[in-house]
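User: I would like to learn how to read helices and their packing in a protein model. Can we go through one together?

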Amino acid sequence: MMRTKVPPVACIGEPRLTAGFAEFGRLDLMAHETVHGPIGPMEPANLLRLAEAIQLKGKGGAGFPFYRKFKAVLESCERQDLPAVVVVNATEGEPASWKDKVLLTRAPHLILDGAALSAYALDAEEIVLCVADDLIGRDSLTEALAERRMPVPTTIVTVPHRFISGEGGALVNGINGLPHIPPGTKKRSSDSGVRNLPTLLSNAETYAQVAIAARLGPYEYAALGTDDEPGTVLLTVTGQAKRAAVVECAAGTPLRDILELCEVPEGPGILMGGYHGRWITWEAAQRAEITRKSLTSVGGTLGAGIIIPLGRDTCPLGEAAQVVRYLAGESAGQCGPCKRGLPDLARAVDLAVSGSAPVEVVRAAAGDVKGRGACSHPDGTSRFALSAMEVFADDLRQHTTGEGCGKRVKGVMGLPGAPDANPKMLTLDWSRCDGHGLCAHVVPDFIRLDGNGYPAFPPTPVPTWLKEGAMKAVKVCPELALRLVEVK
């Protein structure tokens, strides 16, 4: 089930981002300054040196070095003689992630400090704070802005709570008044972003880390963490953890310590990094540390700091198939790999899980979308699907018998309800269908014909951009076998 409340917060070792939570709950400006102390503006060269010295990487999932982002915007401003815009991505469109919402609701001034430091150093003309339309954290952020004076005009923009809405290009499009989807062509926001101005766009936790580092300095900041990854990390632990929580820990903390703290039962696998992440085995988790390098070495990824463990009583392939269907429906639907490839991948995973097709069908469908999308959504979805097929290979062999693994799909991945207010699914009355194939001609992006000439489509809500085509397919069915029904 998807959570609707911000989970509890825990810490292993010295708290930084979560300092003061136990004493104050939410930190207003007075509590914030009591806990963290004052902060002053920084010149561009000093902020650049700080970001490079602490090796700060973006906390939104991609892990791009903040130093390089900041430098690119600074150089772009000088080259084009244009002012900059600072954008804070606090949308957290990944349903399983809650770390940014924790900062929004309990430590909003840390986010604002980092944004203000960046805006001052860039001599920016505006700060834009982007939050999801679930409105979690918006009131807290609004209150924090009312308590302080920002160096430049600062606005809050509400973004649809969809998986792809937080993608950099989609965020810029939304701020510019365009649909909240990736632009279709790769474009650097550091050159042309909000209102075609050089734009520094980073995740909420990243700006909070800048605020912490500016107070501590590079040496004290590096007192926690590892040589390659100094500082602390925020992690969201959900799934079948008995004590789901957002956890702050130093980089390099053994993953098993996190699992023990959150009372995670031993199970078939743990998803690391979220829906665009990778699965690892329980055995691999016992060897891993919370660093990008260590997690990569055991087949996982840090991503946006999401950890979703599964228990032994849950069908891991069924859980994974639900996520692939969700991701297929969350695409922008504007390029081939998303419009055609992801529904095909969801269908292939369903076939493999039901025992109706070999795993090679999934590998082929994933290969068709990999590296071909206008954004990273097809790559991330294929990575997730292939990882599930690999880590749960023993379960897959049981499913190929047609009997399955004997475990239930419990819906523990944190998936939301369907993204639109009136979701519909296609159903087929097999007693009526004569295999005319007209429906597949009307909406080929969703309906295909199987080897016997009968329609096949994934058991997932029809994506918004295909609803009109699905309704036409229902109307042209001569046997009235195809129907659109409400998702329950």
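Analyst: Start with a term: helices and strands are DSSP runs, helices of at least four residues and strands of at least two. Keep in mind that this is a predicted model.

User: How much helix and strand does the chain have over residues 54-211?

Analyst: Over that stretch the chain is 41% helix and 15% strand. In UniProt, an unreviewed entry places the feature "domain: NADH-ubiquinone oxidoreductase 51kDa subunit FMN-binding" at residues 54-211.

User: What describes two packed helices?

Analyst: The angle between their axes and the distance between the axes. Take helix α13 (residues 316-329) and helix α16 (residues 377-391): their axes come within 10 Å and cross at roughly 170 degrees. Angles over 145 degrees count as roughly antiparallel, so α13 is roughly antiparallel to α16.

User: Which residues make that contact?

Analyst: From α13 come Leu-317, Ala-320, Val-323, Val-324 and Leu-327. From α16 come His-377, Thr-381, Phe-384, Ala-385, Ala-388 and Met-389. By type, the contact of α13 with α16 has 9 nonpolar residues, 2 polar and no charged.

User: At what angle do the axes of α2 and α6 cross?

Analyst: Helix α2 (residues 29-36) and helix α6 (residues 108-122) have axes that cross at roughly 75 degrees and come within 9 Å. That angle makes α2 roughly perpendicular to α6. Here Leu-29, His-32 and His-36 of α2 meet His-109, Leu-110 and Asp-113 of α6. The residues of this contact divide into 2 nonpolar, 3 polar and 1 charged.

User: Now a single helix. Which residues of α15 are buried?

Analyst: Buried means under 20% relative accessible area. In helix α15 (residues 359-369), the buried residues are Val-359, Val-362, Ala-365, Ala-366 and Val-369. Seen down the axis of α15, they fall within an arc of 120 degrees, so they line one face of the helix. Just after α15, Gly-371 takes a positive phi of about 75 degrees.

User: Which residues are buried in α19, and which are exposed on the other side?

Analyst: In helix α19 (residues 467-476), Lys-467, Gly-469, Ala-470 and Ala-473 are buried. These residues cover an arc of only 160 degrees around the axis, which puts them on the same side of α19. Glu-468 and Lys-475 are exposed on the other side of α19.

User: What do the buried residues of α19 pack against?

Analyst: They pack against β11 (424-428), α18 (438-442) and β14 (482-486).

Conventions:
Residues numbered from 1 in each chain as written. Predicted model: local features only at pLDDT ≥ 70, side-chain atom pairs only at ≥ 80, totals over all residues. Heavy atoms only, no water. Axes fitted to C-alpha atoms, helices over the stretch in contact; angles between N-to-C directions. Parallel < 35°, antiparallel > 145°, perpendicular 65-115°, else oblique. Contact = heavy atoms within 4.5 Å. Nonpolar A, V, L, I, M, F, W, Y, C, P; charged D, E, K, R; others polar. Buried < 20%, exposed > 50% of the residue type's maximum accessible area, 1.4 Å probe, protein only. Arc of directions from axis to C-beta. UniProt positions renumbered as here; feature names shortened; annotations may be inferred.
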